Amino acid sequence: MKNKEIIAYMKELLNSNEKLDCGTAFKIAKKFDKSIEEIGKIADDNAIRIDNCELGQFGHLEFEKPKIEVLKLVEPKLDEKRRISCKEARELAKKNWSLKSIRSTLKGYKIDVKYCMLGCFEEKRGKKFVVKTKTWIENADGDLLFGKGKTELLELIAQTGSLLHASRIMGLNYKKAWTHLQVLQKNSQEELVITRQGRSENSGTKLTPRAKELMENYSLLQKDIEEYANKRFKELFLKDKK
């Protein structure tokens, strides 16, 4: 009798696409004191499809800019294929960040989710062979000017308003982070950060427009290189694959 009540309740809460939203399924599980796996099976047995995965794997939920500090929490949970289980991702969201922050980081850093708790998929299988690229910019002396690490440092300064906090999140000592920043500023010959002392809302360390421009340009360059590498990889290595 209880399952019939659950099915009726599910059908009442279907979205405009006549599907059951992932978040709604979790609320139903709590309401009827059922495991989420049981709710997933009931939905599947009654041809009720799940929509709007709260971890961003399918559907049309909102995303925000991925956060590096969220990535630092996610990375230890990844398997050798850079995947995280649905359960672990949701636990991180519950303890540390919102689901929106988690799904945005998973999407932004191209991390797949495996073993959906609702049974929508057991795992996402990627290509057997993939191409990887790494891009960095040096000066004439071979000093690293711009790359993933430098970009992360600037992004964290923008998010935290503090070089000290940014360095802690990255696992760098303050002196090394400060040196990274000085090398960048010396070679760009422009001010990249502005620091104001005090406790007002305008105090702290903020990026200049030029720093934001450099970050954006580096991201565009990396994206263009990745797109070209993927295109040529498919042409050269997957041309006989169907």
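Q: What angle do helix 7 and helix 10 pack at?
A: Keep in mind that this is a predicted model. Helix 7 (residues 148–160) packs against helix 10 (residues 209–237) at about 140°, and their axes are 11 Å apart.

Q: Okay, so why is helix 7 called oblique to helix 10?
A: It comes down to the angle: about 140° makes helix 7 oblique to helix 10, because only angles over 145 count as roughly antiparallel.

Q: And which hand does the crossing of helix 7 and helix 10 have?
A: Their crossing is left-handed.

Q: Which residues make the contact?
A: Helix 7 brings Lys-148, Thr-151, Leu-154 and Glu-155, while helix 10 brings Ala-211, Met-215 and Tyr-218.

Q: How does that contact split by class?
A: Between helix 7 and helix 10 you get four nonpolar residues, one polar and two charged.

Q: What lines the largest cavity?
A: The lining has Cys-22, Phe-26, Cys-53, Leu-55, Cys-86, Arg-90, Cys-116, Met-117 and Leu-118.

Q: Which helices supply at least two residues each?
A: Helix 2 (22–31) and helix 5 (86–95) each do that for the lining of the largest cavity.

Q: And how many of the lining residues are nonpolar, polar or charged?
A: Eight are nonpolar, none are polar and one is charged.

Notes:
Residues are numbered from 1 along each chain as its sequence is written. This is a predicted model: local features need pLDDT of at least 70, side-chain atom pairs count only at pLDDT 80 or more; totals for chains, interfaces and linings use all residues. Side-chain values use heavy atoms; hydrogens and water are left out. On a 1 Å grid over the protein atoms alone, a cavity is a set of points where a 1.4 Å probe fits but cannot get out, and a pocket is an open set with protein on both sides within 12 Å along at least five of seven lines; lining residues have an atom within 4 Å of a point. Helices (H or I, at least four residues) and strands (E, at least two) are DSSP runs, numbered from the N terminus. Ala, Val, Leu, Ile, Met, Phe, Trp, Tyr, Cys and Pro count as nonpolar, Asp, Glu, Lys and Arg as charged, and the others, Gly among them, as polar. Axes are lines fitted to C-alpha atoms, for helices over the stretch in contact, and angles run from 0 to 180 degrees between N-to-C directions. Angles under 35 degrees count as roughly parallel, over 145 as roughly antiparallel, 65 to 115 as roughly perpendicular and the rest as oblique. A crossing is left-handed if the near helix is turned anticlockwise from the far one by less than a right angle, and right-handed if clockwise. Contact means heavy atoms within 4.5 Å.
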